[in-house]
Amino acid sequence: MAAGIGTVRAAQRPRVIRALVESWAPYLVPGADGTMRGLDADLLQAICKQAGFQLNWVRGPQQWRRRRLRELQNDQFDVIFSATPAREHDQVVLYSRPYRNEAFMVAAADRRDARLDRLKGFEDVLRRRVPLLHVDAFRLGADFESWRPRLAEAGLLIPYQTARQGLDMMRLGRAPLILGDELELTAQAKLSGQRLRRQAFGDSVQPVSLMLSRRRLDEADVARLDQAIHALEQRGRLAAIRRRYGAA
């Protein structure tokens, strides 16, 4: 009888999800008191609470985000934010249902630049041979991706790893245009005292999911998380968190 009670209690014990402490405003912002704040931090906290998971924040090496998948596979943490499901990773990771949208934009420094007059799209960028900084990632919007091979062949694309790096490169004259995450670029420009002027092209909004480690979680865990996301969306809880950060 006692063994049976112990088994029930073990089954009811919350599962743990380990998320990596990062500085990625406005999505992940470490607090001076050791807590994590930000859009993704608040969303994941709400989802875990609803699903009955315990959320633990762990520290790890500060690497470029393109290396995060390798770290996830090495069991350093359990979740990567803002992921777009990719079939080639299905054997090593799981994906939740979408939990927010990711918005991209093209921006310029808020000053006069004759090279940018009457630019209406990536076709004009190519025709006028205007260099473009872009975040070093894939799936940056259907419009850009359709032009990416030609822009790359023309030598006009300059990748960057973080918004801060990209804005520094623009300030130093590497390129007059930058393509990246709208909220991240806006937040970093504000922190660095730079003013951006949004361009009339390059807008893209796409849903993103949580990428989860198969070493620590299984399909039943993902189902619990998906049910939590659905329930919180139905009650408007996730939308309220997104609105606090100016996200859709």
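**Close-up 1. Helices α2 and α9 pack against each other in this predicted model.** Helix α2 spans residues 39–51, and helix α9 spans residues 237–244. Their axes lie 9 Å apart. The angle between the helices is about 165 degrees. Angles over 145 degrees count as roughly antiparallel, so α2 is roughly antiparallel to α9. The crossing of α2 past α9 is right-handed.

**Close-up 2. Residues of α2 meet residues of α9.** From α2 come Leu39, Asp42, Leu43, Ala46 and Ile47. From α9 come Arg237, Leu238, Ile241, Arg242 and Arg244. Sorted by class, this contact has six nonpolar residues and four charged ones.

**Close-up 3. Helix α5 has buried residues and exposed ones.** This helix covers residues 142–153. Its buried residues are Phe144, Trp147, Arg148 and Leu151. Around the helix axis they take up an arc of only 150 degrees, so they sit on the same side of α5. Ala142, Pro149 and Glu153 are on the other side of α5, where they are exposed.

**Close-up 4. Other elements cover the buried residues of α5.** Among them is helix α4, residues 122–127. Strands take part too: β8 (132–135), β9 (157–160) and β10 (177–181).

**Close-up 5. Gly155 follows helix α5.** The phi of Gly155 is positive. Its value is near 75 degrees.

How values were computed:
Residues are numbered from 1 along each chain as its sequence is written. This is a predicted model: local features need pLDDT of at least 70, side-chain atom pairs count only at pLDDT 80 or more; totals for chains, interfaces and linings use all residues. Side-chain values use heavy atoms; hydrogens and water are left out. Buried means under 20% relative accessible area, exposed over 50%, partly exposed in between (1.4 Å probe, protein chains only). Helices (H or I, at least four residues) and strands (E, at least two) are DSSP runs, numbered from the N terminus. The arc is that of the directions from the helix axis to the C-beta atoms. Contact means heavy atoms within 4.5 Å. Axes are lines fitted to C-alpha atoms, for helices over the stretch in contact, and angles run from 0 to 180 degrees between N-to-C directions. Angles under 35 degrees count as roughly parallel, over 145 as roughly antiparallel, 65 to 115 as roughly perpendicular and the rest as oblique. A crossing is left-handed if the near helix is turned anticlockwise from the far one by less than a right angle, and right-handed if clockwise. Ala, Val, Leu, Ile, Met, Phe, Trp, Tyr, Cys and Pro count as nonpolar, Asp, Glu, Lys and Arg as charged, and the others, Gly among them, as polar.
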